[in-house]
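Have a look at the picture, then read on.

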Amino acid sequence: MPRREIFAGNWKMYKTLHEALDLVKGVLAGTSDIGGREVVVFPPSPWAKPVADLCRGTKISVGAQNMYFEREGAFTGEVSPLMVRDAGCRFILVGHSERRHVFGETDDNVNKKVAAAFQNDIEPMICVGELLEERERGLTGAVLKRQVEKALDGVSGDQMKKVVIAYEPVWAIGTGKVATPEMADEAHRHIRRIVKDRYGAGTAAALPVLYGGSVKPDNIAGLYAMENIDGVLVGGASLKADSFLDIIRVK
Ligand code: PGA
């Protein structure tokens, strides 16, 4: 069974409203003929609704970069799953390395957010990845196993059909140091094995696993050619329509 192919752009804390709308219009203009490829953009929260309004009925889906796991309450500064969905978001990014390492999110937090996403009909794109020091100490496999297993705790086989995992080695994010296609493929294969052990071969074979970390128009072809790389999660190079489109349109 062919897997979904997903090209996602994480805009992080960039873009004014005007710039965000210009960017998504530029991406929309180049995505009419991309066949079955799926495109997802993650604008900053205040722009989710206006961006989603522009994307309705198009090939682009919208996601939120973060949310809290509680339904509602006295949580100043947080955004609830219901708000995310009401804004028109189909996806939620969970466990991005900047959330884990700048804002102290734990595997337990990630798991609660995944559960909250499913309760609210939002599809989680779960980010995992090792630190440079963990890779150097040979701990990559163990770190990925812990992150994936904890994130998916309590997720049913049926819900797994809506899960996307993004492998983003922390040392490759925003640094210009991209993992080699072979390194990434090996990590993706490992992630698929972890999922297979819990959910079986069919679920593992169908799971879209994206690579993220300094993906650019000039390195996408090598990554995308790998058997276990089903798409990419792009930060910096998704901030310009031209470079994001060059990535989306990789041969
Ligand atoms: P980058 O970011 O492409 O700028 O390295 C990737 C990400 O953080 O998802």
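How far is an oxygen atom of the ligand from a polar backbone atom of Gly174? The distance is 2.6 Å, and it counts as a polar contact, a pair of N or O atoms within 3.5 Å. Ser214 has a backbone N or O atom 2.7 Å from an oxygen atom of the ligand, and for Gly235 the distance from such a backbone atom to a ligand oxygen is 2.8 Å. On its own, the ligand has 280 Å² of accessible area (Shrake-Rupley method, 1.4 Å probe), and the protein covers 97% of that.

A word on the model: it is predicted, so local features need pLDDT of at least 70 and side-chain atom pairs pLDDT 80 or more, while totals for chains, interfaces and linings use all residues. Residues are numbered from 1 along each chain as its sequence is written, and side-chain values use heavy atoms, with hydrogens and water left out.

**Around the ligand**

There are 13 residues around the ligand (a heavy atom within 4 Å), and Lys12, His96, Glu168, Gly174 and Ser214 come nearest. By class, this shell has 4 nonpolar, 7 polar and 2 charged residues; Gly is counted among the polar ones.

**Pockets**

Rolling a probe the size of a water molecule over the atoms shows where empty space is left. On a 1 Å grid over the protein atoms alone, a pocket is an open set of points with protein on both sides within 12 Å along at least five of seven lines, and lining residues have an atom within 4 Å of a point. Volume here is the space filled by probe spheres set on the points.

| Space | Volume | Lining by class |
|---|---|---|
| Largest pocket | about 520 Å³ | 7 nonpolar, 6 polar, 4 charged |
| Second largest pocket | about 290 Å³ | 8 nonpolar, 9 polar, 4 charged |
| Largest cavity | about 30 Å³ | 3 nonpolar, 5 polar, 2 charged |

The largest pocket is lined by 17 residues, with Met13, Gln65, Asn66, Arg99 and Phe103 closest to its centre. The ligand, though, sits in the second largest pocket, as more than half of its atoms lie within 2 Å of the pocket's grid points. That pocket has 21 lining residues, and Lys12, Ile173, Gly174, Gly235 and Gly236 lie nearest its centre.

**The cavity**

A cavity is a set of points where a 1.4 Å probe fits but cannot get out. The structure holds 1 cavity of 30 Å³ or more. Its lining includes His96, Cys127, Gln147 and Glu168. Helix 4 (97–101) and strand 5 (123–128) each supply at least two lining residues; helices (H or I, at least four residues) and strands (E, at least two) are DSSP runs.

Terms used
A polar contact is a pair of N or O atoms within 3.5 Å; within protein, one must be able to donate a hydrogen and the other to accept it, and residues adjacent in sequence count only if both atoms are side-chain atoms.
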